[in-house]
Amino acid sequence: MNIESYFEYCLSKKGVTEHFPFDEDTLVFKVGGKMFALASLQEWEKGNPSINLKCDPERAEELRAEYDDIQPGYHMSKVHWNTVKVNRDLSDKFVKELIDHSYDLVFKSLTKKIQGEVLGV
């Protein structure tokens with residue numbers, strides 16, 4: 001997965017916006033004003049691509065135990081976030097599934113009103 005396909009995949013989801021709230025390096029994707037994915041653009045350019053993704057706490061532990069390329073979230077809550085190393089042993093399809101899971105978790109945490117706004121209802 002290259003940075004462009006990651007970018008396009010995240011933006012293809014309903015109601016997603018892109019931001020740089022921390023610095024000019026950390027690209028953050030949000031739904032309903034809440035983060036669901038973030039990545040360092042410099043690390044992608046250096047050949048060390050990774051994405052921080054929200055994850056159900058039990059599933060996060062299971063994934064970390066099963067995959068070397070999934071670790072506790074770097075600079076994030078280790079309970080709710082994973083850092084997923086891209087372009088190693090994990091398939092692009094699986095990384096997209098992890099992005100989907102993160103998006104869904106965040107979307108479900110939004111109020112019904114904001115969910116409706118995101119869906120255009």
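Is Asn-87 buried, partly exposed or exposed, and what is its relative accessible area? In the predicted model examined here, Asn-87 has a relative accessible area of 42% and is therefore partly exposed, since this class lies between the limits of 20% and 50%. The residue is placed in the loop between strand 6 and helix 4, and its phi is near 65 degrees, a positive value in a residue other than glycine. A positive phi, of about 60 degrees, is also found at His-75, which is not a glycine either. His-75 belongs to the loop between strand 5 and strand 6, and with a relative accessible area of 66% this residue is exposed.

As to the confidence of the prediction, the protein chain has a mean pLDDT of 95, and 100% of its residues reach 70 or more. Among the elements of the chain, the highest mean pLDDT, 98, belongs to strand 2 (residues 26-31), whereas the lowest, 94, belongs to helix 5 (residues 112-119).

Charged side chains were considered next. Side chains of opposite charge can pair when their charged atoms come close. A search of the whole structure returns 3 salt bridges. One of these joins Asp-100 to Lys-13, with a separation of 2.8 Å between the closest N and O atoms. Because Asp-100 lies in helix 4 (residues 92-109) while Lys-13 lies in the loop between helix 1 (3-11) and strand 1 (16-19), the pair ties together parts that are 87 residues apart in sequence.

In the salt bridge between Lys-46 and Glu-43, the closest N and O atoms are 3.4 Å apart. Lys-46 is exposed, its relative accessible area being 58%, while Glu-43 is partly exposed, with a value of 28%.

Negative charge also gathers on the surface, in a patch made up of Asp-56, Glu-58, Glu-61, Glu-62 and Glu-66. Of these residues, Glu-61 lies in helix 3 (residues 57-66), and Glu-58 is likewise found in helix 3. Glu-61 counts as exposed because its relative accessibility of 57% is over the limit of 50%, and Glu-58 is exposed as well, with a relative accessible area of 61%. Glu-58 and His-101 are separated by 43 residues in sequence and, from C-alpha to C-alpha, by 13 Å in space.

Note on methods
Residues numbered from 1 in each chain as written. Predicted model: local features only at pLDDT ≥ 70, side-chain atom pairs only at ≥ 80, totals over all residues. Heavy atoms only, no water. Patch = residues over 30% accessible without salt bridge, like charges linked within 9 Å, V, L, I, M, F, W, Y side chains within 5 Å. Areas by Shrake-Rupley, 256 points an atom, 1.4 Å probe, with all protein chains shown as cover. Salt bridge = Lys/Arg side-chain N within 4 Å of Asp/Glu carboxyl O. Lys, Arg positive; Asp, Glu negative; His and termini not counted. Charge placed at Lys NZ, Arg CZ, Asp CG, Glu CD. Helix = DSSP H or I, 4+ residues; strand = E, 2+ residues; numbered from the N terminus. Buried < 20%, exposed > 50% of the residue type's maximum accessible area, 1.4 Å probe, protein only. pLDDT = per-residue confidence, 0-100.
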